[in-house]
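Please read the following briefing alongside the sequence and the three-dimensional view. The points are grouped by topic.

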Amino acid sequence: MDRKFARITLDPDFQISRIDKRIYGSFVEHLGRAVYGGVYQPGHPSADEEGFRKDVLDLVREIGVPIVRYPGGNFVSNYFWEDGVGPVAERPRRLELAWRSTETNEVGVNEFARWAKKAGTDLMMAVNLGTRGIDAACNLLEYCNHPSGTKYSDMRVAHGVKEPHNIKTWCLGNEMDGPWQVGHKTAREYGRLADETAKALRQIDPSIELVACGSSNTGMPSYPQWEASVLEEAYDSVDYISLHTYYGNPDNDTRNFLARSDDMDYFIRTVTSTCDFVKAKKRAKKNIMLSFDEWNVWFHSNESDNDAMANRPWSVAPHLLEDRYTFEDALLVGLMLITLMKHSDRVRMACLAQLVNVIAPIMTEENGPAWKQTIYYPYLHASKYGRGIALNPALRSSRHDTKDFSGVTDVESVAVWNDEKEEITVFAVNRDLEESIVLETDLRGFPGYVLQEHIVLEHEEFKAANSPAAQAVSPKIATDRDQREGDILKSRLSPASWNVIRLGKA
Ligand code: AHR
């Protein structure tokens with residue numbers, strides 16, 4: 001056997017879980033140019049009659065984003081949802097404390113729900129548990145989901161929205177463990193508030209699903225005790241706990257950077273164990289599921305944003321968090337998507353944070369087109385081909401150590417069996433930066449399945465990036481990489497590459 005090797009075995013009995021398509025969700029926050037100048041820009045040549053950019057809508061629809069978290073993020077903890085409904089001319093401008101911006105409220109819940117409909121996506125709505133509480137959350141739910149005949153449902157009807165929005169998924173605040181959060185709370189304070197808010201919301205609409213805030217990241221001093229304390233208060237009244245993580249490569253160590261999805265894997269396993277610990281303590285029957293509702297690479301813009309936030313005047317839709325993603329960032333995003341699929345038995349929702357302009361796969365030019373960042377592609381592939389049953393590929397791979405991680409597999413992989421379409425997609429990243437590795441896929445469990453196409457994202461420069469003018473990093477169909485020997489498909493994975501190997505019935 002080669003020094004570097006990778007082997008997977010696909011079998012219909014090795015099922016992790018049927019994937020909830022919402023793990024391919026995303027996030028739009030009132031932050032920077034995500035909303036204003038991103039999804040909404042009246043006057044832009046591509047804007048529709050409601051001011052939504054059609055070029056952005058086309059790209060969102062191409063990905064097939066199943067759910068979008070809205071309106072924050074840190075933004076939500078100081079948000080007055082009432083400011084964003086009713087006649088636009090009468091809506092107030094507000095100081096937005098999370099991102100030191102001016103919020104015009106031109107877009108609010110009704111406009112965003114209209115946008116979501118056009119984008120073919122569902123909404124995951126967050127409520128303000130920072131500066132506000134149970135009453136504001138209840139009023140918003142009544143406004144959104146109650147048919148009519150009450151103060152807030154009739155207000156919605158008076159605002160021209162006859163049918164309720166019927167939003168099913170609700171986040172109980174955002175990152176309440178973070179000292180940066182407006183209205184930051186201790187775990188006990190938050191756990192009690194989340195529990196009482198959840199109970200009241202369920203009285204208004206028992207069909208909703210509720211997400212409690214977990215830790216903002218694993219570096220928080222209160223992690224993972226926060227999760228345990230919050231669930232001790234709110235276990236019975238919530239369905240999900242949230243996870244957030246962002247990775248970066250500030251010290252330019254690509255091998256170490258590409259191992260960071262192992263940290264995400266450990267994070268998911270730890271939170272799952274914490275949920276199950278509280279379950280056991282409470283003698284509970286139900287499982288708490290995981291909503292990984294913020295994840296991405298985020299570090300390129302940190303320095304300039306810190307400066308801008310400290311030194312610039314309040315302004316509308318400033319350029320913030322506009323990370324320009326590289327090829328290596330796309331590889332880590334692919335690895336993180338593989339990790340989410342591998343944990344699809346417990347992770348039922350996840351949001352690539354975010355969708356447009358703000359740490360985003362889609363960028364817009366103010367006077368030009370919308371364009372695709374490098375990370376657009378793994379996200380597109382996962383959402384498009386990652387629907388079905390996640391299979392444990394029983395991966396065996398040679399391994400390496402990095403600065404922060406040991407025993408890192410050279411190849412990381414998962415397979416998804418779309419049993420309706422009779423297709424299998426193998427997602428695989430070669431984390432070796434210098435050598436090609438042959439991935440051997442044992443297909444004896446799937447007689448009759450043959451290779452359809454092998455899509456690859458590869459580039460000689462780890463720091464290569466896309467721009468409005470050029471898609472330097474974009475996928476291609478590889479025709480020279482795969483060879484069938486009996487039940488074994490041998491696929492050559494080029495060094496540092498994202499591979500989507502699609503199989504179907506002959
Ligand atoms: O996604 C950007 C920010 O990251 C969100 O507002 C916040 O929840 C997180 O810290």
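Helix H11, spanning residues 376-385, is mostly covered, with nine of its 10 residues buried, where buried means under 20% relative accessible area, exposed means over 50% and partly exposed lies in between, calculated with a 1.4 Å probe and the protein chains only. Helices (H or I, at least four residues) and strands (E, at least two) are DSSP runs numbered from the N terminus. The model is predicted, and local features are therefore reported only at pLDDT of at least 70 and side-chain atom pairs only at pLDDT 80 or more, whereas totals for chains, interfaces and linings use all residues. Residues are numbered from 1 along each chain as its sequence is written, and side-chain values use heavy atoms, with hydrogens and water left out.

**Helices**

- The buried residues of H11 are Tyr376, Tyr377, Pro378, Tyr379, Leu380, His381, Ala382, Ser383 and Tyr385.
- Asp265 lies in helix H8, which covers residues 260-281, and its side chain is joined to that of Arg269 by a polar contact of 2.8 Å; a polar contact is a pair of N or O atoms within 3.5 Å, and within protein one atom must be able to donate a hydrogen and the other to accept it, while residues adjacent in sequence count only if both atoms are side-chain atoms.
- An α-helix has 3.6 residues a turn, so residues three or four places apart point the same way.
- Leaving aside neighbours within four places in sequence, Asp265 is in contact with Thr339 and His343, contact meaning heavy atoms within 4.5 Å.
- The C-alpha atoms of Asp265 and Lys342 are separated by 8.8 Å, although these residues are 77 residues apart along the chain.

**Ligand surroundings**

- The ligand is surrounded by 13 residues, and the closest are Glu29, Asn74, Glu175, Tyr246 and Glu294; a residue is counted here if one of its heavy atoms lies within 4 Å of the ligand.
- By class, this shell has six nonpolar, four polar and three charged residues, with Ala, Val, Leu, Ile, Met, Phe, Trp, Tyr, Cys and Pro counted as nonpolar, Asp, Glu, Lys and Arg as charged, and the others, Gly among them, as polar.
- A polar side-chain atom of Glu29 lies 2.6 Å from an oxygen atom of the ligand, an N or O atom in the side chain of Tyr246 is 2.8 Å from a ligand oxygen atom, and for Gln354 the corresponding separation is 3.0 Å.
- Taken alone the ligand exposes 290 Å², of which the protein buries 95%; accessible areas come from the Shrake-Rupley method with a 1.4 Å probe, and for residues only the protein chains shown count as cover.

**Strand E7 and its partners**

- Strand E7, residues 122-127, is mostly covered, since five of its six residues are buried.
- E7 pairs in the parallel sense with strand E4 (residues 67-70) over four bridges, and Asp122 in E7 is the bridge partner of Ile67; two strands pair if DSSP finds at least two bridges between them.
- Four bridges also join E7 to strand E8 (residues 169-172), and these two strands run parallel, with Cys171 in E8 as the bridge partner of Ala126.

**The antiparallel sheet and Asn430**

- Seven strands form an open sheet in the order E2-E15-E19-E20-E26-E22-E23, and the pairing is antiparallel.
- Strand E2 (15-18) and strand E23 (476-477) stand at the edges, each with a single partner strand, so one side of each is left without a neighbour in the sheet.
- Within this sheet, strand E19 (residues 411-418) and E20 pair over eight bridges in the antiparallel sense, and Val411 has Asn430 in E20 as its bridge partner.
- Asn430 is placed in strand E20, residues 423-430, and is buried, with a relative accessible area of 0%.
- A polar atom of the side chain of Asn430 lies 3.1 Å from the backbone oxygen of Leu493.

**Backbone features in loops**

- Most residues other than glycine have a negative phi, and most peptide bonds are trans.
- A cis peptide bond with omega of about 10° joins Gly72 and Gly73, and Gly73 lies in the loop between E4 and strand E5 (94-96).
- Asn166, found in the loop between helix H4 (151-158) and E8, has a positive phi of about 50° although it is not a glycine, and at 42% relative accessibility Asn166 counts as partly exposed.
- Leu321 has a positive phi near 55°, but Leu321 is buried, with a relative accessible area of 3%.
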